[in-house]
Amino acid sequence: MPSESVPFIVAIPARYASMRLPGKPLRRLGDRPLIAHVAARALDAGAREVVVATDDERIAAALETMPVTVCMTDADLASGSDRIAACAEQRGWDDDDIVVNLQGDEPFAPVGGLRAVVDALAGSDAPMATLAVELDDVEALLDPNCVKLVRAADGRALYFSRAPIPWPRDAFASHRECLPAGIPFLRHIGLYAYRAGFLRRLARLSPTPLERAESLEQLRALEHGHAIQVALTPEPFPPGIDTEDDLRRAERHLREIAS
């Protein structure tokens with residue numbers, strides 16, 4: 001069922017105290033705060049409800065003129081998924097409601113990508129879904145900051161890792177200048193869709209050894225035996241914003257698309 005006919009909610013976690021870019025949600029990008037750009041992307045995607053989950057009244061104030069709901073959440077929550085799980089409780093979402101977790105530093109998240117993750121979940125009996133993109137660069141495969149994944153024939157995730165997976169043993173034994181053909185190398189895109197009931201359950205699950213080892217929260221779901229459906233993104237996802245350099249790059253990109 002295409003996402004145009006599937007109702008969905010977008011929840012945007014937005015914490016004020018970013019370590020690398022303090023006050024990140026309120027940093028200016030063009031003529032408005034970063035968080036306003038992200039909320040606009042969610043609205044453009046056709047979400048039935050857009051909720052910003054934050055711990056700071058200044059972020060709430062920056063969104064007063066937009067048709068979004070603000071959920072005030074505890075500043076001590078450990079992750080963005082914990083923050084939107086708290087929203088699920090506050091808002092009383094039904095267990096079967098589809099909730100997209102859009103990070104608050106993704107001002108250029110493509111509408112097609114948001115709808116694709118909704119479609120992936122709606123077309124599966126998995127409790128959560130995410131996106132990936134084909135990876136064609138050896139440096140990215142070897143980069144621990146680039147999260148890779150492997151999936152089964154039915155599209156369900158087998159594993160996520162910062163390590164290079166899969167490892168083409170025979171090809172790499174002779175050379176590593178380029179990736180061998182015919183092997184599905186995938187880079188993970190950190191956009192998730194959950195059924196609201198599972199989102200609440202996930203927040204109550206204990207952290208797991210592989211999650212801690214890799215610093216990848218999605219491994220908690222896999223280690224507890226829950227499936228994650230993975231679809232390929234139909235549109236490229238520009239990088240998010242974590243640093244001052246990223247913000248300057250985003251300003252240049254904004255001027256380019258406006259010209």
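Biologist: Which residues does Glu 106 touch, not counting those up to four places away in sequence?

Modeller: Glu 106 touches Val 38, Arg 41, Pro 238, Pro 239 and Gly 240, where contact means heavy atoms within 4.5 Å. This is a predicted model, in which local features need pLDDT of at least 70 and side-chain atom pairs count only at pLDDT 80 or more, while totals for chains, interfaces and linings use all residues. Residues are numbered from 1 along each chain as its sequence is written, and side-chain values use heavy atoms, with hydrogens and water left out.

Biologist: Where is Glu 106, and what is said of its charge pairing?

Modeller: Glu 106 sits in the loop between S6 and helix H4 (111-122); helices (H or I, at least four residues) and strands (E, at least two) are DSSP runs numbered from the N terminus. Glu 106 is buried and has no salt bridge. Buried means under 20% relative accessible area, exposed over 50%, and partly exposed in between, with a 1.4 Å probe and protein chains only. A salt bridge needs a side-chain nitrogen of Lys or Arg within 4 Å of a carboxyl oxygen of Asp or Glu. The nearest side chain of opposite charge to Glu 106 is Arg 249, 8.2 Å away. Lys and Arg count as positive, Asp and Glu as negative, and His and the chain ends are not counted; a charge is placed at NZ of Lys, CZ of Arg, CG of Asp or CD of Glu.

Biologist: Why is Pro 238 called partly exposed?

Modeller: Pro 238 has 24% relative accessibility, so it counts as partly exposed. Pro 238 is in the loop between strand S11 (228-232) and helix H10 (244-258). Leaving aside neighbours within four places in sequence, Pro 238 is in contact with Glu 106, Phe 108 and Pro 110. The C-alpha atoms of Pro 238 and Ala 109 are 7.0 Å apart, although 129 residues separate them along the chain.

Biologist: What makes Arg 41 and Asp 44 a salt bridge?

Modeller: Their closest N and O atoms are 3.7 Å apart, and the limit is 4 Å, so the pair qualifies. Both residues lie in helix H1 (residues 34-44), three residues apart, about one turn of the helix. Arg 41 is partly exposed at 23% relative accessible area, as is Asp 44 at 47%.

Biologist: How do you know that Arg 200 and Asp 95 are paired, and what does the pair tie together?

Modeller: The side chains of Arg 200 and Asp 95 meet at 2.7 Å, N to O, in a salt bridge. Arg 200 is in helix H7 (residues 196-204) and Asp 95 in the loop between helix H3 (80-91) and strand S6 (98-101), so the pair ties together parts 105 residues apart in sequence. Arg 200 counts as buried at 12% relative accessibility, whereas Asp 95, at 49%, counts as partly exposed.

Biologist: What covers the buried residues of H7?

Modeller: The cover includes H3, S6, strand S7 (128-134), strand S10 (186-195) and helix H9 (218-223). Among the buried residues of H7 are Phe 198, Leu 199 and Arg 200.

Biologist: How many salt bridges does the structure hold?

Modeller: The structure holds 13 salt bridges. One of them joins Asp 170 and Arg 169, at 3.0 Å, N to O, and both of these residues are exposed. Lys 24, Asp 105 and Asp 242 are linked in a network of salt bridges.
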